[in-house]
Amino acid sequence: MQSTLFHRAAALLTTLMISGVAAADWTERSDLNMRPGVTAVSQDVYHLHMIILGIVTLIGVIVFALIMWSVFAHRKEKNPVPAKFHENVVLEVVWTVIPFFILIGMAIPATRVLINMEDTSDSALTVKVTGSQWRWHYEYLDYEGDNNINVGFFSDLATPPEVWQRPILSGGLFPVGTAQEQVGVEREPLTPENAFNYMIEVDKPLVLPAGQKIRFLITADDVIHSFWVPDFGFKKDAIPGFVNESWTEIPESAIGMTLRGQCAELCGRLHAFMPIEVVVKSQEDFAAWLAEEQEAAAEGPDMTPFASLDDAMEQGKPIYDRACAMCHGAQGQGGIGLSFQGTDYMTNPDRLQDNIDILLQGRGAMPAFRAQLSPKEIAAVITYQRNAFGNETGDLIQPDDVQK
Amino acid sequence: MADHHEHHAPTGWRRWLLSTNHKDIGSLYLWFSFAMFLVGGLLAMVIRAELMYPGMQVVDPDFFNQMTTTHGLIMVFGAVMPAFVGLANWMIPLMIGAPDMALPRMNNWSFWILPAAFSILIGSVLMSAFGPGNPPAPNFGWTFYAPLSTTYGPASTDFFILSVHLMGISSIMGAINVIVTVMNMRAPGMTMMKMPLFVWTWLITAFLLIAVMPVLAGAVTMMLTDRHFGTSFFDAAGGGDPVLFQHIFWFFGHPEVYIMILPAFGVVSAIIPTFARKPLFGYASMVYATASIALLSFVVWAHHMFTVGMPLAGMLFFMYMTMLISVPTGVKVFNWVATMWRGSLTFELPMKWALAFVILFTIGGLSGLMLSITPADFQYHDSYFVVAHFHYVLVSGAIFSMFAAVYYWLPKWSGVMYDKFWGEVHFWSSLISVNLLFFPMHFVGLAGMPRRYSDYALQFADYNWWISIGAFWFGISQLFLLWVLIKACFLKKGEKATDEVWEGAEGLEWTVPSPAPFHTFDTPPVVK
């Protein structure tokens with residue numbers, strides 16, 4: 001039997017069902033219908049969806065029944081002489097007017113729900129959500145009148161590439177290699193621990209309080225993304241240069257739950273790889289969490305210099321594998337991005353500053369990493385790039401070289 | 001007179017390259033669109049192979065995006081639109097009693113632009129697929145939203161822009177030809193309200209094409225200047241507006257949807273009366289419904305954009321207008337049912353395809369009505385539910401109607417009846433597989449799987465496996481049609497077709513011999 005993720009997932013599902021572990025979580029993830037979601041708005045939307053689904057199903061059944069009746073009752077064997085009628089004004093007016101009233105019946109509840117969804121006033125918490133290729137950035141702007149919170153972080157896919165990447169023909173129709181060549185690591189076997197939330201898990205989730213109105217300000221750094229948590233009942237596009245507004249209010253009953261969502265607007269190569277994970281906390285726990293985050297943020301970035309080149313290299317490699325290898329190759333051989341193997345850009349000392357600047361600010365398709373990596377991480381990864389892949393420049397970049 | 005022309009007609013490849021004959025050009029269009037249908041289908045097979053199992057199995061995520069993009073572009077601009085233009089070329093002169101299209105040289109030119117346009121587009125895919133290290137083919141979706149297609153577009157975007165320009169020029173010329181022909185070349189007595197509905201739907205489609213193809217040309221030109229000449233139409237950093245792109249695109253894009261379905265309505269309105277042996281019910285209301293749909297198509301574009309953050313009033317307006325479209329569309333479906341009602345029905349292959357069209361298109365129409373409800377659309381938008389919806393209206397809608405048309409008129413084109421056995425195999429195989437392919441997409445979409453995803457969470461795995469099976473099956477099924485066509489058109493094997501072909505057929509095209517001679521209606525027929 002082929003050992004694919006599908007079969008493993010099936011085996012995993014069976015195990016989970018038999019053992020009863022987390023069975024409730026799986027049944028909540030219907031693969032048939034819309035999620036009712038946890039908020040009042042999402043449940044309104046769900047009910048609206050079910051009503052309209054009922055109406056269109058009924059219309060469909062009636063129309064198809066008439067067709068089928070005609071197919072069986074009016075076939076040539078049974079009805080050799082066709083009728084001659086070809087118009088009927090009354091009938092035609094009736095079937096124009098009746099649908100019109102059905103539509104009005106649908107439009108009224110839809111309008112009511114929509115007006116409610118668009119009202120972002122009186123929120124207790126404001127979170128700025130920024131989409132970038134290919135991760136989400138969350139910033140807490142305002143909580144219960146305090147608008148100097150200074151907490152923000154990036155949220156990356158936690159499923160490691162070696163789990164999902166199994167290319168046979170990667171890069172077009174020519175075989176270019178295995179997961180090891182692509183990402184530098186052997187594929188991990190899938191276990192219940194890493195497959196349960198496959199593709200919908202992140203390293204640092206968005207934390208939100210229950211029982212308070214939360215306003216989202218949604219924008220993007222590069223291309224258009226779309227912020228979609230089905231449990232909130234909406235999606236809203238994240239557009240560079242625009243700030244969109246949306247809101248949600250998570251009920252107390254959802255405390256302790258993890259809600260999951262995904263990017264819903266094509267945003268480039270790793271569109272499918274930027275999930276959203278929301279952890280719901282009680283207001284007390286949320287306030288405590290926020291205070292903790294503020295404290296960590298106040299300490300500022302770690303600027304202690306590296307003790308040696310090897311020290312920096314060692315810290316740089318995992319960052320390179322995580323953030324750079326996807327485009328520049330595990331061996332720096334290039335791909336979507338430039339090759340690093342012995343290129344002038346990597347080995348010429350005059351271009352070191354260039355190297356730092358592009359990493360900080362981005363260029364073309366290369367994203368800016370200023371906000372995503374600390375100065376120390378940037379220093380480590382540049383040191384790594386300029387000494388690995390046969391470059392051997394001996395350049396040691398310190399956090400202070402990056403900080404401006 | 002006819003002899004005189006035939007003696008001077010070029011032969012061999014020059015017959016096709018230099019052709020000004022509406023039947024030859026129609027055949028070129030139809031074969032070209034069928035070739036594009038197979039190419040676009042091949043790309044869909046790559047998509048479904050990748051999505052059969054979770055995990056990146058076959059291609060790189062970026063190559064996956066190139067596949068979804070070019071699949072959409074090739075199917076819309078290469079398969080569906082030229083197929084209907086080919087049908088218009090063949091049938092409109094025969095239906096209205098005209099000797100040819102009004103502008104035969106332009107007709108030739110509008111066809112021969114297409115192979116050039118698609119060579120450019122497909123060339124960029126081949127370069128990407130077979131040249132490791134080459135820039136990717138267009139990878140920003142067939143809707144090519146800025147800034148993904150402008151600031152972040154690959155080098156091949158410029159090929160794409162040129163290619164779309166050429167397709168647009170070809171479509172506009174084709175549309176002009178249809179309008180001039182229908183307005184000026186009807187046989188004596190063929191008044192507007194006596195024209196077959198297929199001619200009416202094409203006339204209205206042609207006006208839509210002329211109205212919106214220049215808008216598309218404008219959008220790609222603005223992309224071009226944004227990319228190379230320092231403008232910032234769609235770049236917020238330069239004072240531009242990425243949302244403007246979507247407004248322009250969908251102002252083209254929504255009428256485009258009707259460009260692809262109105263001729264299908266015309267085809268089905270020709271076939272159902274023939275096999276019901278009863279005149280079309282509500283001819284006049286069909287014409288008015290078609291015109292209403294065409295007019296409404298200009299005021300609903302932003303229902304594709306409910307999630308971009310429009311003002312409330314805007315969302316309400318576009319929701320109400322979109323819901324309104326279901327009224328004239330419903331009228332059409334009711335009219336087809338009433339045409340069948342108490343008729344004397346037989347179910348030859350064209351009728352089977354037409355019936356499948358009515359039912360499956362209605363499913364797509366009903367899910368379209370669900371999508372018009374703005375708050376619910378916030379959940380449906382950009383999910384597989386949308387993919388299910390538009391494939392129901394485009395594959396089991398537009399393309400099934402093309403199949404119906406091919407089986408209906410093939411005896412007239414080739415002079416022999418299609419192979420009934422392989423035709424039936426083609427029909428039943430396609431009917432079952434198309435539903436296996438697209439129906440479960442409703443489920444995974446509602447359950448939350450976003451579209452254009454190269455990989456997905458595990459709760460979507462089961463249905464995606466079935467969808468892929470349906471896709472491979474549907475893809476293989478189309479080879480049966482290829483065989484049916486080769487047998488009828490090239491081998492000329494099969495039962496000899498009579499002039500009338502079908503017992504209940506009405507219309508001028510059935511008064512000429514089968515196969516239709518190179519020149520028909522040199523002397524206009526008189527329509528009573």
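**Exercise 1.** Which residues does Val268(B) touch, not counting residues up to four places away in sequence?

*Solution.* The model is a predicted one, in which local features need pLDDT of at least 70 and side-chain atom pairs count only at pLDDT 80 or more, while totals for chains, interfaces and linings use all residues. Residues are numbered from 1 along each chain as its sequence is written, and chains are lettered from A and ligands numbered from 1 in the order in which they are written. Two residues are in contact if their C-beta atoms, placed from the backbone, lie within 7 Å. With sequence neighbours up to four places away left out, Val268(B) touches Trp336(B), Ala354(B), Phe357(B), Val358(B), Ser401(B) and Ala404(B).

**Exercise 2.** Find which members of the largest nonpolar core touch the most other members.

*Solution.* A nonpolar core is a set of buried Ala, Val, Leu, Ile, Met, Phe, Trp, Tyr and Cys residues joined through C-beta atoms within 7 Å, where buried means that 20 or more other C-beta atoms lie within 10 Å of the residue's own, exposed means 12 or fewer, and partly exposed is in between. The largest core has 268 residues, and Val80(B), Val268(B) and Ala404(B) are the ones touching the most other members. A second, separate core has 19 residues, among them Met326(A) and Ile397(A).

**Exercise 3.** Describe how chain B meets chain A, and by which element chiefly.

*Solution.* First, 90 residues of chain B are in contact with 93 residues of chain A. Next, helix H10 (312-340) of chain B gives the most to this side, with 14 residues; helices are DSSP runs of H or I with at least four residues, strands are runs of E with at least two, and both are numbered from the N terminus. Gly314(B) has its place in helix H10 of chain B, and this residue counts as partly exposed because 14 C-beta neighbours lie inside 10 Å.

**Exercise 4.** What is the strand order of the open five-stranded sheet of chain A, and which strands stand at its edges?

*Solution.* Two strands pair if DSSP finds at least two bridges between them. The order is S3-S2-S1-S5-S8, with mixed pairing. Strand S3 (151-155) and strand S8 (244-249) of chain A each have a single partner strand, so one side of each is left without a neighbour in the sheet. Inside the sheet, strand S1 (residues 125-132) and strand S5 (residues 213-220) of chain A pair in the parallel sense over seven bridges, and Val129(A) stands opposite Ile218(A) in S5(A).
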